[in-house]
Amino acid sequence: MTTLPLPLPAPSTAPPAAPSSAPPGVPDHPAPADALSVWPATTTERPHGQLLVGGVPLTEIAEGHGTPVYVLDEADVRDRCRTYRTAFPDAEIHYAAKAFLCRALAHWVEEEGLGLDVCSAGELELAVTTGFPPERILLHGNVKSPHDLETALRLGVGRIVIDTPAEIARIAAAVGTEGRQKVMVRVTPGISAGGHRKIRTGSEDQKFGLSIRDGHAQHAIARILDQPHLELTGLHCHLGSQIADVKPYLVAVRRLVGLMARVRDAHGVTLPELDLGGGHGIAYRPGEPALDLTTLARKVRAELAESCAAAGLPVPRLIIEPGRAVVGPAGVAVYRVLAVKRTPGRTFVAVDGGMSDNPRPALYGVRYAPRLVGRHSATGPERVTVVGRHCEAGDVLAEDVPLPADTRPGDLLALPVAGAYHLSMASSYNLVGRPPVVAVRDGRARLLVRRETLADLRARDVGL
């Protein structure tokens, strides 16, 4: 049996079961585990092809809100937050907002006891104006604009993660003579890990962080310690994304603890925090590997204790930054089929969305497992390529996937694992507005983010 990307919490912490919306005598029931292993945890299947998430039929959401539409399972998001807190009871867990952020999600994350990491003034202001405590927020970014830094200091962000030497003087000057700002240093530990070369950020040949190997990290640390208005709280690293193996994180622990020991020896300073970032891999299709969170937590804690004991250091407070692993599996994208085109070599199923609402297949070659919803087909599967509506040959959502051979215009297709890096990376290419986000829980649906309309797009065009 394929397991979920994250282990579910104990039964006592699971959300209440969604009420059934099936007619009397037609009970909801789980589909086979392998078929729904990458779907939100509350997903159930009814006869005649009906699929429910959070107790709400996907067809009902499509009819009420149009397509394309993103559906987000609130109970699943909250469960995954709790799973991280259970796995790392002594660590700070910060949700990586770049995966997806809206006001409701910030509220859920705060209620579940997580912190937040943000990459811009926009993400930061949205969170704080929603009521998220700024002291529980970290500001990231390989380069931060003056507006980013001014906003962070004005709102009282908990820590700023320094990613380049130029930021040291800028932050110190902006803090002023009366202030003091907590900072961390993002170091590059020289580890190549991640599901695609474009999302590997722990190696030496990319834009993030300061290298341990060439001494840039040590030099930046020395400069920060010379600034009386900056408080260096610890080291940060982020190895990449879609990492399914525990080993890179253990190597990173050893290298960062080694650097902490050198800082103590050179400066007499013991750093109290170590941030291992996130990048925890999830499965996008049944059978794909995913990072085992329980194993990660156990082995990281053991490695941290052993490495600190060997170096004669107290164990620092651990910080973990999951993003995709919290929200990705909780999301579903629903599309309507507009056309089916059969050519001698391939069958194309064209839908009313595409790379404007999901650029990830074009960027990273990500593969999904779409599913026909809303009706039962008695025909066998046919290998098809699901494409979008945009004027790009690379506008492909799912290549060479099985769908019923009678898939036709008007059908609904649902794409699981659509909660992360979909709306957050969406565009208005071809002046197609971005889809809405609808949250589901306990048989109820509510709009979180409305659809971007043509009026919205025209309103930004002020020149003639």
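In helix α2, the residues T83, Y84 and A87 meet L293, A297 and R301 of helix α9, a contact being heavy atoms within 4.5 Å. By class, this contact of α2 with α9 has 4 nonpolar, 1 polar and 1 charged residues; Ala, Val, Leu, Ile, Met, Phe, Trp, Tyr, Cys and Pro count as nonpolar, Asp, Glu, Lys and Arg as charged, and the others, Gly among them, as polar. Helix α2 covers residues 74-87 and helix α9 residues 293-311, and the two pack at an angle of about 30 degrees with their axes 9 Å apart. Here axes are lines fitted to C-alpha atoms, for helices over the stretch in contact, and angles run from 0 to 180 degrees between N-to-C directions. The helices α2 and α9 are therefore roughly parallel to each other, given that angles under 35 degrees count as roughly parallel, over 145 as roughly antiparallel, 65 to 115 as roughly perpendicular and the rest as oblique. The crossing of α2 and α9 is right-handed, a term for a near helix turned clockwise from the far one by less than a right angle, with anticlockwise giving left-handed.

The model is a predicted one, in which local features need pLDDT of at least 70 and side-chain atom pairs count only at pLDDT 80 or more, while totals for chains, interfaces and linings use all residues. Residues are numbered from 1 along each chain as its sequence is written, and side-chain values use heavy atoms, with hydrogens and water left out.

Helix α9 also packs with helix α8 (residues 247-267), at an angle of about 30 degrees and with axes 9 Å apart. This pair, too, is therefore roughly parallel, and the crossing of α8 and α9 is right-handed. On the α8 side, Y249, L250, V253, R254, V257, A261 and R264 take part, and they meet L296, K299, V300, E303, L304, S307, C308 and A311 in α9. The residues of this contact divide into 10 nonpolar, 1 polar and 4 charged.

Turning to the whole protein, there are 12 helices and 21 strands; helices (H or I, at least four residues) and strands (E, at least two) are DSSP runs, numbered from the N terminus. Of the 464 residues, 54% are buried, where buried means under 20% relative accessible area, exposed over 50% and partly exposed in between (1.4 Å probe, protein chains only). Among contacts with a separation of 6 or more, 69% come from residues 24 or more positions apart. The protein exposes about 19,400 Å², and carbon and sulfur atoms supply 53% of this area, computed by the Shrake-Rupley method with a 1.4 Å probe.

Some local features complete the picture. E382 sits in strand β17 (residues 381-387). Leaving out residues up to four places away in sequence, E382 touches R342, T347, V401, P402, L403, P404 and A405. V401 is 19 residues from E382 along the chain, with 7.9 Å between their C-alpha atoms. D400 belongs to strand β18 (residues 396-404) and has a positive phi of about 55 degrees although it is not a glycine; at 40% relative accessibility, D400 counts as partly exposed.

N430, likewise not a glycine, has a positive phi near 60 degrees. N430 lies in the loop between β19 (412-416) and β20 (437-441) and, at 38% relative accessibility, counts as partly exposed. The peptide bond from T67 to P68 is cis, with omega near -10 degrees, and P68 is found in the loop between α1 (58-65) and β4 (69-73).
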